[in-house]
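At each stop, select what is named and take a moment to look around.

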Amino acid sequence: MSTQWRNKIKWDEHGLVPVIAQEVGTNTVLMFAWMNRDALAKTVELGEAVYWSRSRKKLWHKGEESGHIQKVREIRLDCDADVILLKIEQVGGIACHTGRHHCFFQKFEGDAHDGEWETVDPVLKDPENIYK
């Protein structure tokens with residue numbers, strides 16, 4: 001299989017590209033992650049999201065522990081070729097390791113002098129029951 005298609009992407013100095021996972025149907029942005037060339041190739045091969053974990057320095061097949069895999073329906077590249085958008089079906093309805101539907105559950109309230117982050121979305125499943 002040719003890898004030429006990956007050369008269009010503007011990888012950063014660490015060989016990574018930012019990835020947004022968006023839910024098909026609702027268009028909810030579920031999460032943000034990173035991919036390297038191998039993660040992207042594996043994502044295409046499996047039809048499931050595979051990311052690069054910067055903290056663990058290894059490929060991370062989303063849902064490998066939790067079972068909450070992301071089935072990839074479309075892969076899009078932005079106009080500058082430096083951000084990938086995955087249109088995905090979130091198995092189990094939980095994308096966040098906190099047990100929530102998506103990772104963007106904290107909303108800023110207030111102003112520049114007196115603001116705070118409020119949790120606005122519920123935990124759907126206790127992470128203790130998701131990760132062994």
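Start by selecting S66, which sits in the loop between strand 4 (58-61) and strand 5 (70-77). Strands here are DSSP runs of E with at least two residues, helices are runs of H or I with at least four residues, and both are numbered from the N terminus. This is a predicted model, where local features need pLDDT of at least 70 and side-chain atom pairs count only at pLDDT 80 or more, while totals for chains, interfaces and linings use all residues. Residues are numbered from 1 along each chain as its sequence is written, and side-chain values use heavy atoms, with hydrogens and water left out.

Is S66 buried or exposed? S66 is buried, because its relative accessible area is 19%; buried means under 20%, exposed over 50%, and partly exposed in between (1.4 Å probe, protein chains only). Now show the side chain of S66, which reaches the backbone nitrogen of H68 at 3.0 Å.

Most residues other than glycine have a negative phi. Select N27, in the loop between strand 1 (17-23) and strand 2 (29-35). The phi of N27 is near 65°, a positive value in a residue other than glycine. N27 counts as partly exposed, at 43% relative accessibility.

Next, pick K57, in the loop between strand 3 (50-53) and strand 4. Phi is positive for K57 too, near 55°. With a relative accessibility of 61%, K57 counts as exposed.

**Into the core**

Now select V17, V19, M35, Y51, I84 and L86 together. These are the residues with the most contacts inside the largest nonpolar core, which has 19 residues. A nonpolar core is a set of buried Ala, Val, Leu, Ile, Met, Phe, Trp, Tyr and Cys residues joined through side-chain atoms within 4.5 Å. Which elements each supply at least two residues of this core? They are strand 1, strand 2, helix 1 (37-46), strand 3 and strand 6 (84-90). Strand 2 gives the most, with 4 residues.

Stay with L86 for a moment and display what surrounds this residue. Apart from neighbours within four places in sequence, the contacts of L86 include V19, M35, Y51, V72 and I75.

**Looking for salt bridges**

How many salt bridges does a search of the whole structure find? It finds 4, each being a side-chain nitrogen of Lys or Arg within 4 Å of a carboxyl oxygen of Asp or Glu.

Select K42 and E45, whose side chains meet in a salt bridge (3.6 Å, N to O). The two are 3 residues apart in helix 1, so about one helical turn separates them. K42 is partly exposed at 33% relative accessibility, whereas E45 is exposed at 56%.

Move on to E89 and R73, which form a salt bridge at 2.4 Å, N to O. E89 lies in strand 6 and R73 in strand 5, so this pair ties together parts that are 16 residues apart in sequence.

Then select E109 and K107 for another salt bridge, at 3.4 Å, N to O.

**Last stop**

Finish at K132, in the segment after helix 2 (127-130). K132 is exposed, with a relative accessible area of 87%. Select H102 as well: K132 and H102 are 30 residues apart in sequence and 20 Å apart in space, C-alpha to C-alpha.

Notes: Polar contact = N/O pair within 3.5 Å; in protein donor to acceptor, adjacent residues only side chain to side chain. Contact = heavy atoms within 4.5 Å.
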